[in-house]
Amino acid sequence: MAWNVRRIQRLSLLSFVACVIFLLAFIAKIRYSQSRPAQEKEKSGRLILGFSQIGSESAWRTRNTQSIFEAAERNGIQILFDDAQQKQANQFKAIRSFIVYQVDVIAFVPIVEDGWDNVLTEAKEAGIPVIVVDRQINSDPSLYAGFLGEDAIEEGRRAARFLFNKCTDREGEIAIFEMSGTENSSVVKERAAGFREILEADSRFKIIHTESGDFLRSKGREIAEKLIQANRELPDSKNDALYYQGRKIDVVYSHNDPMTLGLLDSLENYGIPLSSTIIISVDAEQKSIDALKAGKLSCVVECNPDLGPMLMDLVKAVSKGETIPRTTYNRETIFTENDDFSLYRPRGY
């Protein structure tokens with residue numbers, strides 16, 4: 001009997017020792033996995049940038065990503081890349097993964113303005129500087145180093161100035177249909193604000209409706225299709241122009257090229273003359289410039305996607321602990337029907 005008791009005690013002791021060894025091994029594995037990113041970074045000797053892009057919804061966005069990768073390669077900077085696929089939750093995950101990896105700098109294109117404080121606080125506590133790219137955010141300025149992107153308010157102003165000058169001799173009310181982009185994104189609010197700022201002093205200009213096309217070509221096509229079908233249901237419908245609730249649309253102000261190109265798809269499919277409407281777009285993709293040259297558009301405001309070189313300069317600066325400007329705008333221009341098209345260069349996107 002005593003022998004059995006001793007045997008049981010010995011087996012219990014062995015089991016306890018085995019559990020302790022397993023636990024220690026598990027803890028060691030966790031510590032190794034946590035330290036490995038730092039070891040890999042130390043081994044590479046390169047700056048590591050964690051970059052979260054909102055997606056690849058357009059030629060503009062694709063070029064924007066390419067510009068950043070090209071500039072990173074020229075500057076010897078390694079990129080950890082994440083495509084958020086138009087979901088803010090995916091960006092939260094990406095930024096937190098960059099923090100775990102212990103990157104040197106984080107840069108991201110915010111899908112919407114709000115909701116960033118918590119994850120940016122985590123980055124700040126980890127000692128990792130953050131640069132906001134392309135779109136602005138509503139957040140505590142102390143949580144990020146600075147913003148790099150377009151002056152979307154000025155883009156809206158440029159569109160409005162062109163329209164104002166084009167309609168100088170025009171009498172009567174001018175009905176404007178606005179296609180805006182992703183709701184709650186800074187560029188939507190700013191392109192709308194800049195446009196209205198210039199036109200509000202002239203009572204001729206009236207924005208009769210604003211509808212979100214989410215910056216997508218398919219949505220631009222859907223919006224135009226809906227307008228056309230609704231007009232055809234009216235007893236006195238016409239096919240000579242776009243109409244909104246029976247009222248002729250004189251101007252379409254579109255917040256980006258894909259939505260504009262989708263609109264053109266529908267107009268051409270239904271045989272509606274493009275000359276009947278002043279169409280203004282923003283981005284300046286090659287396809288929209290081609291449409292401008294073909295007389296399908298009146299004006300294209302540039303939103304320059306080539307942010308890579310400027311971003312790498314900022315990344316190198318903040319990685320050294322230097323202070324960067326709160327706002328850095330890219331260089332942009334405007335293309336109109338009055339230009340000498342022979343001077344145009346290929347856009348590259």
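In the predicted model, strand S3 pairs with strand S4 (residues 130-134) in the parallel sense, over three bridges. Within this pairing, Ile106 has Val130 of S4 as its bridge partner.

Ser52 has Phe108 of S3 as its bridge partner.

The side chains of S3 can be considered by face. In a regular strand, side chains alternate between the two faces of the sheet. In S3, Val105 and Ala107 lie on one side, while Ile106 and Phe108 lie on the other. These four residues are all buried, so both faces of S3 are covered.

Most residues other than glycine have a negative phi. Gln102, although not a glycine, has a positive phi of about 65°. Gln102 is located in the loop between helix H3 (88-101) and strand S3 (105-108). With a relative accessible area of 32%, Gln102 is partly exposed.

A positive phi also occurs at Gln245, where the angle is about 50° although the residue is not a glycine. Gln245 belongs to the loop between strand S8 (243-244) and strand S9 (247-248). The relative accessibility of Gln245 is 70%, and Gln245 therefore counts as exposed, the cut-off being over 50%.

Terms used. Residues are numbered from 1 along each chain as its sequence is written. This is a predicted model: local features need pLDDT of at least 70, side-chain atom pairs count only at pLDDT 80 or more; totals for chains, interfaces and linings use all residues. Side-chain values use heavy atoms; hydrogens and water are left out. Helices (H or I, at least four residues) and strands (E, at least two) are DSSP runs, numbered from the N terminus. Buried means under 20% relative accessible area, exposed over 50%, partly exposed in between (1.4 Å probe, protein chains only). Two strands pair if DSSP finds at least two bridges between them.
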